[in-house]
Amino acid sequence: MNEFKHFINGEYVASASGKTFDNRCPVDNSLIGRVHEAGRDEVDAAVRAARAALKGPWGKLTQAQRTALLHKVANRINERFDEFLEAECRDTGKPYRIASHIDIPRGAANFTAFAETLANHPTEGFRLDTPDGKGALNVGHRSPKGVIAVISPWNLPLLLMTWKVGPALACGNTVVVKPSEETPATTTLLGEVMNECGVPPGVFNVVHGFGPDSAGEFLTTHPLVDAITFTGETRTGEAIMKAAAVGLRNISLECGGKNPGIVFADCDLEKAVEGTMRSAFVNCGQVCLGTERVYVERPIFDAFLARMKEEVAKLKLGRPQDPQANFGPLVSQEHRDKVLSYYRLAVEEGATVEIGGGIPDMGPELNGGAWVEPTIWTGLSDDARVIREEIFGPCCHIRPFDSEEEVIALANDTDYGLAAAIWTENSSRAVRVAEQMEAGIVWVNSWFLRDLRTAFGGAKQSGIGREGGVHGLEFYTELKNICIKL
Ligand SMILES: NC(=O)c1ccc[n+]([C@@H]2O[C@H](COP(=O)([O-])OP(=O)(O)OC[C@H]3O[C@@H](n4cnc5c(N)ncnc54)[C@H](O)[C@@H]3O)[C@@H](O)[C@H]2O)c1
Ligand SMILES: O=C/C=C/C=C(\O)C(=O)O
């Protein structure tokens with residue numbers, strides 16, 4: 001039975017209250033651990049440790065020394081790859097095949113990418129002409145923002161946590177991380193790596209718990225937190241934004257999505273099927289960038305739908321360790337109840353269930369797990385709740401369209417604006433349509449192809465701000481201008 005304690009000032013500490021909560025494996029709902037729930041005292045201790053570390057050895061490191069340390073952290077994650085893999089898949093139920101190609105490699109790469117990007121990024125400079133003819137020099141100077149609260153979700157726990165911790169530390173900040181209550185393991189394990197690599201105590205801290213009236217809220221309302229970066233549901237983002245307003249703390253919000261996939265008749269059909277299959281079903285559909293609305297140009301609608309149904313039927317549901325498995329359970333019973341409520345709603349709203357729509361029989365050992373069938377619907381109206389609301393499960397609705405103007409309007413008809421995928425072999429059309437997408441990230445003939453230097457983030461109710469490359473600099477640093485009269 002695992003016990004997940006908080007990681008504060010370089011040490012693992014239990015909650016003074018002794019309060020803990022269950023950690024369950026979604027594969028079979030077995031109890032696999034106990035997680036300490038942080039009270040205000042633990043959160044306060046973590047924030048104060050982070051603040052003290054800014055003034056300690058960490059605050060005196062050069063950019064080059066910080067870069068070297070972050071490379072060391074990335075290397076150590078890779079050295080302990082199997083431990084991170086086992087921990088992540090135990091918490092999420094996802095197949096090893098997926099976590100070993102996405103979650104863990106990116107968990108390390110996020111440190112390397114930001115260490116390099118920020119070490120080589122210039123600051124601005126301007127020479128000003130002055131009436132006396134001697135001029136002045138203006139030099140931009142970036143300093144760390146301070147203590148960053150990092151609140152991360154359960155779908156890609158290590159990846160999405162280091163996607164924030166990497167740039168935060170590269171810019172010289174310190175962090176207090178509150179991972180999702182569903183997935184404490186890899187964030188907790190990272191504390192060991194920080195100690196092994198010589199990252200000074202207090203630079204990286206972890207507190208466990210829930211959101212409201214628990215660690216999440218205690219952290220976002222703590223007056224010594226300088227900025228908050230969050231990934232999760234849009235409604236949660238709203239609550240965190242309200243908390244950040246007190247004391248004018250900056251926020252970075254990566255929230256929900258209801259992403260469109262647009263398949264034109266001139267696409268490479270097999271490429272479009274392969275990419276849409278990944279986008280709708282990888283990670284059991286629990287990817288914010290995933291496609292839940294698929295629009296297919298009418299001449300190839302039947303062929304595309306037939307091929308998608310064939311591929312869904314081939315998905316291999318199984319335990320994480322099963323080398324054949326490419327489809328795992330949802331993260332929890334609670335999330336499964338939510339997804340199944342949308343499965344029922346789709347039928348009530350008039351959907352045709354092309355495949356799936358229910359609960360698979362996984363046998364007596366696994367039937368207690370959070371398993372659902374991968375599902376495709378057709379026939380819903382554009383104002384159906386299943387079309388408008390984020391489900392965050394292994395399901396998508398496929399609908400025909402007849403013109404470029406029509407599909408652009410359909411794709412943008414959502415409160416969200418995170419991602420879109422466009423499938424066409426016509427490059428002019430690809431760019432023309434992509435530029436009209438009300439989204440932060442648009443893939444053409446690809447999906448989840450990630451260049452970590454690029455801007456990443458959502459428009460509309462999918463978030464505020466951009467992460468990735470140097471785009472997080474405005475959030476993770478304070479930029480001042482120094483004007484020197486010559
Ligand atoms: N845009 C992105 O990059 C991105 C990436 C992954 C997931 N997501 C979104 O995240 C959602 C799924 O993740 P989730 O269920 O963990 O989201 P969630 O909003 O329920 O929880 C996210 C985190 O916020 C914490 N939290 C909840 N309420 C809080 C509060 N009031 N104050 C402080 N912290 C609080 C939770 O404990 C958890 O750690 C989906 O909507 C998905 O689209 C977005
Ligand atoms: O579920 C959402 C996935 C987000 C992915 C990233 O933030 C990334 O690839 O950097």
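## Nonpolar cores

A nonpolar core is a set of buried Ala, Val, Leu, Ile, Met, Phe, Trp, Tyr and Cys residues joined through side-chain atoms within 4.5 Å, where buried means under 20% relative accessible area with a 1.4 Å probe and protein chains only. In this predicted model, local features need pLDDT of at least 70 and side-chain atom pairs count only at pLDDT 80 or more, whereas totals for chains, interfaces and linings use all residues. Residues are numbered from 1 along each chain as its sequence is written, and side-chain values use heavy atoms, with hydrogens and water left out.

The largest nonpolar core has 61 residues, and Val-165, Leu-190, Phe-204 and Leu-289 have the most contacts inside it. Because domain 1 (2-256 + 462-485) and domain 2 (259-444) both give residues to this core, it lies between them; the domain bounds come from an automatic or database domain assignment. A second, separate core of 54 residues includes Leu-305 and Val-312.

## Glu-254

UniProt, in an unreviewed entry, places the feature "active site" at Glu-254; such annotations may be inferred rather than shown by experiment. Glu-254 belongs to strand 12 (residues 250-254), strands being DSSP runs of E with at least two residues, numbered from the N terminus. With a relative accessible area of 5%, Glu-254 is buried.

## Thr-378

Thr-378, in strand 16 (residues 375-378), counts as buried because its relative accessibility is 8%. Leaving aside neighbours within four places in sequence, Thr-378 is in contact (heavy atoms within 4.5 Å) with residues including Phe-301, Leu-305 and His-397.

Notes:
Chains are lettered from A and ligands numbered from 1 in the order in which they are written. Helices (H or I, at least four residues) and strands (E, at least two) are DSSP runs, numbered from the N terminus. Buried means under 20% relative accessible area, exposed over 50%, partly exposed in between (1.4 Å probe, protein chains only).
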